Amino acid sequence: MADQNLKTKDTGSGWARPVDKLHVGEVPAEAINLNVEGRRLSGLVRGFGQMWQKTYRVRFDGVKVSSEEVVSGWKTHFPNFWPEGNNLYVPLTGIQPGEVGLINLSAPGGLKLSTGILVVYADDSSFSFMTPEGHMFAGMITFSAFEEDDGLTAQIQMLIRANDPLYELSFRLGFGHKAEDVFWHGTLTNLAEHFGVQSPQTTQQYVLVDPRVQWREWRNIWKNAGIRSGLYMPVAMVKKIFGKK
Amino acid sequence: MPTVNLTANVRKNGHISIIDIEGEVTGFAEKILMDAYTEASNGTTNSIILNFSQLEYLNSSGIGLLVTMLIRTQRVKQALLACGLSEHYVEIFRLTRLDEAIGIFETEEQALAAAR
């Protein structure tokens, strides 16, 4: 394991290659494939809203497991740790740098929100996703595990801006943050339980990195994945009724 | 606690500060990097150049630290530039679209000329 780490560091091979546009591979028939194909990554300096650094953590008290084992298991079973009703479709190769994942999220009113991610980085101790245009946020989310003197911690850290004014409004009103908190606390709880942690306790920390909004990005709303997924729902129903694949 | 293999030394050149990055930029290097920024940023600094010619390794958490530093420079209207990046890491800046906000130059001389 240590050798693999060295190899990653020496070659820098943990990173994906730059891509101009995202391409979704084969996905199951039940997946809604919208808002990813042909999109660009939204990027770390793009996005409309305030920039937040959100950190969610869970400790692995009472179990003997290494950070490499946790990250390896996390990558292998990643979608299984998400709260019920939410899916990430990744290629058979799994979470590898350069792979595009298709996300179908449960949203209010029975809506399925379709968006995606690019795996930009992965090594033995962490992996990171970036989001396409139209996603709820622009930025990067890093999943990692690390050992401290008193035990092992798994962490999800997001450095994000709401992608457009509508998403920013949801964050300002609180329900955007709340939905995310519930989602990621649930994910960490499922992860810890998978490794045998009894009654895992999760924590969260918010840091407002940049209180300003980037007005020049307001047009991102045109690609809002929530709006586009909502508009697609009647089409999906017609397809379902007439059995069209 | 994971070991931090990074030094970040600050040099001054008029209103420009140069931070020499040597070693590994990961999430655990936050204090070293931000302390260097604070030292580099005092006084009348209007541009900061990150010299990456001795960079050994940069992971995604390290990229996150650079974004945080970028925001700090923007808030006080400083320019942030980078030089000495290997071709591989220039690609990482492209991938993450950091190159749209941080000027990238091959050499320190070129970055200094751009900052003046």
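Predicted model: local features only at pLDDT ≥ 70, side-chain atom pairs only at ≥ 80, totals over all residues.
The model scores ipTM 0.88 and pTM 0.89. For chain B the average pLDDT is 94, and 98% of the residues score at least 70.

In chain A, eight strands form an open sheet, and their order is S2-S3-S4-S5-S6-S7-S1-S8. The pairing in this sheet is antiparallel. S2 and S8 of chain A are the edge strands, each of them pairing on one side only. On average, and with direction ignored, neighbouring strands of the sheet are turned by 20 degrees against each other. Helix H4 of chain A, residues 175-194, packs on the sheet. The strands touched by this helix are S1 (51-59), S7 (151-162) and S8 of chain A. The direction of H4(A) makes about 25 degrees with that of S1(A).

The pairing was examined in detail for the part of the sheet that begins at the edge strand S2(A). Strand S2 of chain A covers residues 87-89 and pairs with S3(A) in the antiparallel sense over three bridges. Asn87(A) has Asn104(A) of S3(A) as its bridge partner. On the next step of the order, S3(A) pairs with strand S4 of chain A, residues 112-122, again in the antiparallel sense, over seven bridges. Leu105(A) stands opposite Leu113(A) of S4(A) in this pairing. The two strands S3(A) and S4(A) form a hairpin, with five residues between them. In the turn of this hairpin, Gly109(A) has a positive phi of about 75 degrees. S4(A) is in turn joined to S5(A) by four bridges, and these two strands run antiparallel. Here Tyr121(A) stands opposite Ser128(A) of S5(A).

Strand S3 of chain A, residues 100-106, is mostly covered, with six of its seven residues buried. Val100(A) belongs to this strand. Val100(A) counts as buried because 22 C-beta neighbours lie inside 10 Å, where 20 or more are required. When residues up to four places away in sequence are not counted, Val100(A) touches Leu22(A), His23(A), Val24(A), Gly25(A), Val36(A), Gly116(A) and Leu118(A). The C-alpha atoms of Val100(A) and Met237(A) are separated by 26 Å, and the two residues are 137 residues apart along the chain.

A further residue of chain A, Gln214(A), lies in the loop between strand S8 (202-210) and helix H5 (225-241). Gln214(A) has 17 other C-beta atoms within 10 Å and is therefore partly exposed. Its contacts, not counting residues up to four places away in sequence, are with Gly47(A) and Phe48(A). Gln214(A) and Gly47(A) are 167 residues apart along the chain, while their C-alpha atoms are separated by 7.1 Å.

Between the two chains, 27 residues of chain A are in contact with 20 residues of chain B. On the side of chain A that touches chain B, at least two residues each are supplied by S4, S5 (126-130), S6 (137-148) and S8 of chain A. S6(A) gives the largest share of this side, four residues. By residue type, the side of chain A that touches chain B divides into 14 nonpolar, six polar and seven charged residues.

In chain B, two residues other than glycine were examined for their backbone angles. Lys77(B), which is not a glycine, has a positive phi of about 60 degrees. Lys77(B) is located in the loop between helix H2 (60-75) and strand S4 (79-83) of chain B. With 7 other C-beta atoms within 10 Å, Lys77(B) is exposed, the limit for this class being 12 or fewer. Arg97(B) likewise has a positive phi, near 65 degrees, in a residue other than glycine. The loop that holds Arg97(B) runs between helix H3 (87-95) and strand S5 (103-105) of chain B. Arg97(B) has 18 other C-beta atoms within 10 Å and so is partly exposed.

Key:
Residues numbered from 1 in each chain as written. Chains lettered and ligands numbered in written order. Contact = placed C-beta atoms within 7 Å. Pairing = 2+ DSSP bridges. Nonpolar A, V, L, I, M, F, W, Y, C, P; charged D, E, K, R; others polar. pLDDT = per-residue confidence, 0-100. Axes fitted to C-alpha atoms, helices over the stretch in contact; angles between N-to-C directions.
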